[in-house]
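Hi,

Here is the structure I said I'd pass on. Have a look at it first, and my notes follow below.

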Amino acid sequence: MNLTLDQMQETRRAVDAPLFAGLPGDAEISFEFFPPKSEKMDAQLWDSIVTLAPLAPRFVSVTYGAGGSTRERTHATVARIVKETGIPAAAHLTCVEASKQDIREVAEAYWEAGVRHIVALRGDPPSEGEFFKPHPQGYDSAAALVKGLKEIADFEISVAAYPETHPQADCPQSDIDNLKRKLDAGASRAITQMFFDPEVFFRFRDKAAAAGIDQELVPGILPVSNVAQARKFSGMCGVTIPAWMDELYEGLDDHPDARALVAATLTSEMCRKLYAGGVRHFHFYTLNRAELSYAICHLLGKRPVANNAKDIAA
């Protein structure tokens with residue numbers, strides 16, 4: 001990683017001063033949620049939104065199940081966020097098992113509901129282990145989806161990036177080339193898959209820059225409080241969990257509060273190193289729980305903004 005003079009000075013401050021002392025709160029943040037499956041989960045999701053809204057997120061995003069399996073719930077969740085809060089909402093949309101006409105109908109419904117931001121993804125097949133097969137009348141890639149969405153309406157579009165390379169990519173360079181195609185098709189930024197070592201992101205950022213990518217690359221941050229779940233996610237996505245991280249969680253299976261403290265500590269430290277390396281936007285995978293993300297944002301200098309969001313009914 002090639003550091004600028006400002007970044008070297010910031011790195012020195014991070015080493016010499018208390019780790020989070022004096023951070024000005026200039027980082028931007030965004031949060032990802034998934035659509036609830038029950039009334040109880042809906043209440044938990046809305047509690048999380050109520051908790052995080054005062055931090056003035058740049059946007060919040062809502063995921064979309066494989067093959068559009070959560071289409072109605074995703075739409076309802078995003079529409080409610082747009083209607084009842086002052087937070088810009090982004091809806092995920094995939095190519096899986098959808099024709100171009102299906103995509104058009106979904107995109108037009110989002111636009112009608114006031115949604116102006118879409119996270120455009122190729123998407124994973126409904127069954128684990130299968131390979132993506134385009135719908136005969138659908139888009140064959142995320143880049144084609146981005147281009148098609150731009151023709152439907154003037155959406156702001158985010159796409160996915162993979163610091164450790166997509167598991168189905170031929171090689172790291174072909175994965176970078178695919179990312180460039182998505183961005184060149186009209187996307188504004190890429191949000192990365194989770195990772196657990198800041199150097200993984202920095203190396204990826206350097207490779208992207210070398211490939212001529214100058215759009216924003218936003219690190220996706222997963223605070224790990226459920227190690228078994230993180231291992232499952234990581235195995236599916238080709239993400240490396242460092243051995244030292246595994247060791248730090250040993251013996252905490254029956255201590256959820258202690259696990260949360262460890263998760264907040266580790267993730268905050270990684271975010272602080274990313275900040276020292278010039279990162280100024282963090283995207284948190286919340287798993288519909290607010291407290292860990294809130295604590296990390298607080299350490300990054302974020303504070304509640306008065307009257308940021310409309311009153312939200314829990």
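**Helix contact and cysteines**

In H2, the residues Asp-42, Leu-45, Trp-46 and Ile-49 make contact with Thr-77, Arg-80, Ile-81 and Glu-84 of H3. Sorted by class, that H2–H3 contact is made up of four nonpolar, one polar and three charged residues. Do keep in mind that this is a predicted model.

As for the geometry, H2 covers residues 39–52 and H3 covers residues 71–84. Their axes come within 13 Å and cross at roughly 40 degrees, so H2 and H3 count as oblique to each other, given that anything under 35 degrees would have been called roughly parallel. The crossing of H2 past H3 is right-handed.

Then I turned to the cysteines.

- Cys-237 is partly exposed, with 21% relative accessibility; the cut-off for buried is under 20%.
- Cys-297: its sulfur has the one in Cys-271 as its closest cysteine sulfur, 7.9 Å away, which is also too far for a bond. Cys-297 is buried, at 0% relative accessible area.

That's what I have for now.

Cheers

Conventions
Residues are numbered from 1 along each chain as its sequence is written. This is a predicted model: local features need pLDDT of at least 70, side-chain atom pairs count only at pLDDT 80 or more; totals for chains, interfaces and linings use all residues. Side-chain values use heavy atoms; hydrogens and water are left out. Buried means under 20% relative accessible area, exposed over 50%, partly exposed in between (1.4 Å probe, protein chains only). A disulfide is a pair of cysteine sulfur atoms within 2.5 Å. Axes are lines fitted to C-alpha atoms, for helices over the stretch in contact, and angles run from 0 to 180 degrees between N-to-C directions. Helices (H or I, at least four residues) and strands (E, at least two) are DSSP runs, numbered from the N terminus. Angles under 35 degrees count as roughly parallel, over 145 as roughly antiparallel, 65 to 115 as roughly perpendicular and the rest as oblique. A crossing is left-handed if the near helix is turned anticlockwise from the far one by less than a right angle, and right-handed if clockwise. Contact means heavy atoms within 4.5 Å. Ala, Val, Leu, Ile, Met, Phe, Trp, Tyr, Cys and Pro count as nonpolar, Asp, Glu, Lys and Arg as charged, and the others, Gly among them, as polar.
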